[in-house]
Amino acid sequence: MRVHVFIDTDGEATRSPEFAKPEVTLGRRPSNDVVLADAGASGSHARVFVTGSALTIVDLDSTNGTFVNQRRLRGPHVLSPQDVVEIGDTKLRFQLSGVESTSIESTPQAPPAPPSADGPAMDADWPAPPPMMDELGTNIAPAPEAPVAATAAKVETRAAVFPRLSRAPLPNRGTPPQPPPQPPSRPPSAPVAAPTSTTAAAFEFQDAEPEVLVNRVFEAVWRRVSSSVVANESGVRSKVAGMLSAALQSASSVRSLGDTSGLQARMLAEMLDDGPVTKLLEGQPDEVVFISAARARVSRGGHVSEGRGPFTCAYALVAWVRRVTGVTLSSSSVSARGVFGQYAVHAAYDPNGSIVSLRKRVPAGSATSEAMARAGVASPGMLALLSAAVASRMSVLVCAGPGARASWLMASLLAGGAAHELQVALLSPGSDVTPFPTNAVVMTRAGRAGHSIEAALGLGPDRLAVEDVEWSEAGVIGGLVSRSFSQILGVRAANAGAGLRHLRAMLAETADPAYAGNLTMRAVSLVVTLQHFSDGVDRITQLAEPTLDDAGRIGVQDVFSLVPGSRNWQFTGARPRCFEDIVQRGFPLDPSIFA
């Protein structure tokens, strides 16, 4: 299997890389498989992945969008070799080679292979199912007493109805040879009954608890129709309805499932429509989290309620994530993200039940402290303290853990400045610029080390936010922190203590190492630790104040911290020293935030 990418930037193909893996990422960041030096491309712009014998492309919530044949993508799209993908000014085409076609026309005519003892081959559109899912039997072995002619006809009919599941070649359609006469194994008065429905014969389920059996029915049907649903093929609704009816009929023969007509209607809506999710979003909540398919947590205006999930079974949630993001959650695809209306979708695989978060997207220029509090980034009191510190020209150090991005928090803190003040943000390539205030100057780091910071300082800002300060910029950090204006500096660190030591080491490169600790204390008033969580939210887990002992060692004193295993923050009892300074500078803060 090889994915061929043809890249055209000047009217003719200048690059044509190939990849021997099932997924290819595209964007401006060097970590992508296909790096696009295009101003219209986002850092992580799009991804192309193998779905059976075809390729599917999905946009990764990029700023300028991804276009296929001049139409903007609104969801996963199955690519043909003739499709032209446009990202900024770059045009791309994709081809897949080395994958066996599964269409019935291309299947050679030969006798069928016997069913494998390990079970049937899975649909090529999907990776292996999660460990919690049972392997389904989809081929029915013929009874030993059945005539050869009847057995051959049975296999042929099943392959014709479900060609995508047939991994064995089709039998010849001529008259099958007659076996030599043999003595009957039972009296002629007891013939073997032929199946009443060739469609129902394609499904076979073992007895299990009703909820387990319902999940198996949903999974068995979804694996057969997923490609048709994603591609929105003509007649897909009647096709899905027929398969659901057949699968439920087969399952009901081993265990009663109650009202199968109502169950069929619910499953059909979950496979093709967004009814269960849309209903939960009617009240415009700030966030909805599905904890597997069994529970749903709804957050609105700080109030959180939890109840039974709206899906019929666990696999219904997996199918919904596939339709929205193009990714099948599994042990090999542990995360997915996409967009559903005005909500950002983040999904994380868990063998005991995947977690899916729908979080309301913040419109351009509206990343305020209130919006951050509604999104669950931090408590209102913590954000009030941070905003007042920045507004009073104090400086904040943001320590971003693995996967976390400081840009949104920086945007909300800059938004608290006065309209006449100049706010400047210096971001890493590929960062989202939309949440920043409309009057802010947003720059992207480029050129030699330190050049971007020098350019930002040349604008004479009242406030400056720098995302992910790099070690190569240590030479200009000393001059930066000595300025009197407010600064929001971001570093990569697991906690506040590690972030302060990192900044101290950078300052020691250009200043007297013995004085670097004092310089760090003067440069930073508050320290924030930002961690990325499995539901897609970057939350503040620690808000602290720097300390310096007599030996010159940097430390931290926590002010607020996130309670482990919850979304609640607690005051540690140590009111920060900067609180009185903020109040004296004319930015009153309610002392109750420390209650």
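Reader: Which residue stands opposite valine 34 in β5?

Author: In this predicted model, leucine 26 is the residue opposite valine 34. The two strands involved, β4 (residues 23–27) and β5, pair in the parallel sense over 2 bridges.

Reader: In what order do the strands of that sheet come?

Author: The sheet is open and has 5 strands, in the order β5-β4-β6-β7-β10, with mixed pairing. β5 (34–35) and β10 (77–79) stand at the edges with a single partner strand each, so one side of each has no neighbour in the sheet.

Reader: Let's turn to helices. Why do residues three or four places apart in an α-helix point the same way?

Author: An α-helix has 3.6 residues a turn, so residues with that spacing point the same way. Now look at helix α10 (residues 451–458), where Ser452, Ile453, Ala456 and Leu457 are buried. They cover an arc of only 140° around the axis, which puts them on the same side of α10.

Reader: What covers the buried residues of α10?

Author: The cover includes the strands β20 (423–427), β21 (441–444) and β22 (463–466), along with helix α11 (474–481). Just after α10, you will find glycine 460 with a positive phi of about 65°.

Reader: How many residues of helix α2 are buried?

Author: α2 is mostly covered, with 18 of its 21 residues buried.

Reader: And what span should α2 have at 1.5 Å a residue?

Author: For the 21 residues of α2 (residues 210–230), the span should be 30 Å, and the end C-alpha atoms are 28 Å apart, which agrees. As you follow α2 along, look for a kink of about 50° centred on arginine 224. Just after the helix, asparagine 232 takes a positive phi of about 55°.

Reader: Is threonine 325 buried or exposed?

Author: Buried counts as under 20% relative accessible area. Threonine 325 has a relative accessible area of 1%, so this residue is buried. You can find threonine 325 in helix α6 (residues 314–325).

Reader: What does the side chain of threonine 325 reach at 3.2 Å?

Author: That side chain reaches the backbone nitrogen of valine 327. A polar atom of the threonine 325 side chain also lies 2.7 Å from the backbone oxygen of valine 321.

Reader: Which residues is threonine 325 in contact with, leaving aside neighbours within four places in sequence?

Author: Setting those neighbours aside, threonine 325 is in contact with Arg47, Val58, Pro76, Ala336, Arg337, Gly338 and Val345.

Key
Residues are numbered from 1 along each chain as its sequence is written. This is a predicted model: local features need pLDDT of at least 70, side-chain atom pairs count only at pLDDT 80 or more; totals for chains, interfaces and linings use all residues. Side-chain values use heavy atoms; hydrogens and water are left out. Buried means under 20% relative accessible area, exposed over 50%, partly exposed in between (1.4 Å probe, protein chains only). Helices (H or I, at least four residues) and strands (E, at least two) are DSSP runs, numbered from the N terminus. The arc is that of the directions from the helix axis to the C-beta atoms. Contact means heavy atoms within 4.5 Å. The expected span of a helix is 1.5 Å times one less than its number of residues. The bend at a residue is the angle between axes fitted to the seven residues ending there and the seven starting there. A polar contact is a pair of N or O atoms within 3.5 Å; within protein, one must be able to donate a hydrogen and the other to accept it, and residues adjacent in sequence count only if both atoms are side-chain atoms. Two strands pair if DSSP finds at least two bridges between them.
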